[in-house]
Amino acid sequence: MKKFNIHDWKNKQLSEQIKAQDVPGTAAFMGKNMGSSKEKYPSPQGSISDGDRFALQKIISNYDLETILFNIGEIAGRSGMSDEEYELKRMARIFRTDV
């Protein structure tokens, strides 16, 4: 029988922790891979005005996600963006709250 070695045990524990950090979906992986949101998700077209941000905040406070996505899809459809309209309305069904 092999004699217990604290250094081997510590190395094994550390190795298992490192492996856990490389498994997507684990808390360790998420913590290791979460950087600044600005680095990972830069604004696609810059910032919106404070007035528009306030209006958007008001809409988000008053309506559920299904309603918001459905109506954005309607606006996209009226603007000739039929593919976007379809995708937004499809996502709205995913977030249906009355099921």
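Biologist: How many helices and how many strands are there in the protein chain?

Modeller: This is a predicted model. The protein chain holds six helices and zero strands. Read from the N terminus on, its elements run α-α-α-α-α-α.

Biologist: What share of the residues of the protein chain counts as buried?

Modeller: Of its 99 residues, 8% count as buried. The protein chain exposes about 8800 Å², and carbon and sulfur atoms supply 57% of that area. As for contacts between residues at least 6 apart in sequence, 18% of them join residues at least 24 apart.

Biologist: Which residues of α5 are buried?

Modeller: The general idea comes from helix geometry. An α-helix has 3.6 residues a turn, so residues three or four places apart point the same way. In α5, the buried residues are Glu66, Ile68, Leu69, Gly73 and Ala76. These residues lie on the same side of α5, because they cover an arc of only 165 degrees around the axis.

Biologist: Which residues are exposed on the other side of α5, and what covers its buried residues?

Modeller: Ile75 and Arg78 are exposed on that other side. The cover over the buried residues of α5 includes α4 (50–62) and α6 (82–94). After α5 comes Gly80, whose phi is positive, near 85 degrees.

Biologist: How many of the 13 residues of α4 are buried?

Modeller: The count is zero, and α4 is hardly covered. From its first C-alpha to its last, α4 reaches 18 Å, close to the 18 Å expected at 1.5 Å a residue.

Biologist: Which residues of α6 are buried?

Modeller: They are Leu88, Lys89 and Ala92. Their arc around the axis is only 95 degrees, which puts them on the same side of α6. These buried residues pack against α5. On the other side of α6, Asp83, Tyr86 and Ile94 are exposed. The 13 residues of α6 reach 19 Å from first C-alpha to last, close to the expected 18 Å.

Biologist: Why does Lys89 count as buried?

Modeller: The reading rests on a cut-off: buried means under 20% relative accessible area. Lys89 has 18% relative accessibility, so it counts as buried.

Biologist: Which residues does Lys89 touch, beyond those up to four places away in sequence?

Modeller: Lys89, in helix α6, touches Phe70, Gly73 and Glu74. Gly73 is itself one of the buried residues of α5. With Glu74 there is also a polar contact, made between the two side chains at 2.4 Å.

Definitions and conventions: Residues are numbered from 1 along each chain as its sequence is written. This is a predicted model: local features need pLDDT of at least 70, side-chain atom pairs count only at pLDDT 80 or more; totals for chains, interfaces and linings use all residues. Side-chain values use heavy atoms; hydrogens and water are left out. Buried means under 20% relative accessible area, exposed over 50%, partly exposed in between (1.4 Å probe, protein chains only). Helices (H or I, at least four residues) and strands (E, at least two) are DSSP runs, numbered from the N terminus. The arc is that of the directions from the helix axis to the C-beta atoms. Contact means heavy atoms within 4.5 Å. A polar contact is a pair of N or O atoms within 3.5 Å; within protein, one must be able to donate a hydrogen and the other to accept it, and residues adjacent in sequence count only if both atoms are side-chain atoms. The expected span of a helix is 1.5 Å times one less than its number of residues. Accessible areas come from the Shrake-Rupley method with a 1.4 Å probe; for residues, only the protein chains shown count as cover.
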